[in-house]
Amino acid sequence: MREAKERILRLLKSAGDGATGGYVSGQSISSELGISRAAVWKHIKDLRKRGFHIEASPSKGYRLIDDTAPFNGAAIGAGLATEFIGRPLYFYERIDSTNTKAVELARAGSPEGTAVVADAQTRGRGRLERRWISPPGVNLYTSLILRPPIPPVKAPELTLMAAVALAEAVGSFTDPTPPAVKWPNDVLLGAKKVGGILTEMHSEPDRVNFVVIGIGVNINMDMSHLPGGLKRTATTLKHWCGRPLSRTTFAQTLYSSLEKWYKQYLAGGFAVVRDAWRGFFTGEGKPVSVRSVDRVVEGVCLGLAEDGALLVRTPSGTLERVLSGDLVIESGP
Ligand code: BT5
């Protein structure tokens, strides 16, 4: 009896949050365990009484909602399928900023792949010292150390590489609807920001010493955590998917995706990343404005240059290359 429940739990857990949506049909549990579907249902009811959050869908079967799964370094490490991303992994319940910590670790010699994860940040940062809302218990805040053998001018390519990896990870939970990337560092669901990337570099004149890629993803945050203005511009995976997701599974998925894209970048250069990025970008051919520290460029977006700059054709016909800034895609009529 006890063994049957454990086997059911194992089956539900192995379905994960991935492409099947985490469902296991009653029929497959019943044939796997050699018991009737009525007996499966009885075990499910008992498991629910013990506090397991199991959803039942008449058409799809049963799904374990893993919102109470532990979120810590050991849990992330336990199912990590990577070679070097997330190894070692430093976990903090609360920290000022995972990027600040990762820079400190990188300066002290921590190897490529080192990850810093926090449950909450007290001074989560965006670009230009903007604030990143980082409440406890709900989201993912992580920073990775990379040591790519590239010159400093190529470092912005890594932000786009991370955006592709993040979009791919988000997409595996929102399938069949893919997210979009917004140049240079946002990932969007339904035109609202679900994740952002902050890349910080330490270099010598001709080579990068290390790059820290900081990634913040809104996973189970309630929209009420967001200050007024952000309610219009931000979203969360829970809001989008209509159910909470495991932050641990998300972190593992993200690290695998990052490792895959980083390896491809190192082997094949930026071109392969650029192609993938364009597949997630919705701004090409649209009227845009890009505000950088010293100017605003308006015109029609012609996409991404070979080095990751954004190309904009202005009304006077000049082709502008924008290296950094905030992009607004005009939605038009
Ligand atoms: C970013 O900057 O989008 C980069 C965010 C990177 C955060 C991660 S968390 C782990 C690591 N440690 C850190 O300290 N940072 C990194 P930017 O493009 O400048 O966008 C910042 C803007 O996004 C803010 O000014 C707000 O308008 C908005 N924002 C703040 N918190 C948000 C949130 N949780 N979700 C969506 N939008 C948010």
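This is a predicted model: local features need pLDDT of at least 70, side-chain atom pairs count only at pLDDT 80 or more; totals for chains, interfaces and linings use all residues.

Biologist: Why does Lys182 count as buried?

Modeller: Because the cut-off for buried is under 20%, and Lys182 has 18%.

Biologist: Which residue does Lys182 form a salt bridge with?

Modeller: Asp186. Their closest N and O atoms are 3.7 Å apart.

Biologist: And is Asp186 buried or exposed?

Modeller: Buried, with a relative accessibility of 6%.

Biologist: OK, new topic. How many salt bridges are in the whole structure?

Modeller: A search finds 18. One of them joins the side chains of Arg278 and Glu284, at 3.1 Å from N to O. Arg278 is partly exposed, at 36% relative accessibility. Glu284 is partly exposed too, at 33%.

Biologist: What about Asp307? Which partner does it have?

Modeller: Arg321. The closest N and O atoms of that pair are 2.7 Å apart.

Biologist: Where do Asp307 and Arg321 sit in the chain?

Modeller: Asp307 is in the loop between β12 (296–304) and β13 (310–313). Arg321 is in strand β14, residues 319–322. They are 14 residues apart, and the pair links distant parts of the chain.

Biologist: How accessible is Asp307, and how accessible is Arg321?

Modeller: Asp307 has a relative accessible area of 31%, so it is partly exposed. Arg321 is partly exposed as well, at 40%.

Biologist: Last one. Which residues do shared partners join into one network?

Modeller: Lys5, Lys42 and Asp46. Salt bridges that share partners tie those residues together.

Key:
Residues are numbered from 1 along each chain as its sequence is written. Side-chain values use heavy atoms; hydrogens and water are left out. A salt bridge is a side-chain nitrogen of Lys or Arg within 4 Å of a carboxyl oxygen of Asp or Glu. Buried means under 20% relative accessible area, exposed over 50%, partly exposed in between (1.4 Å probe, protein chains only). Helices (H or I, at least four residues) and strands (E, at least two) are DSSP runs, numbered from the N terminus.
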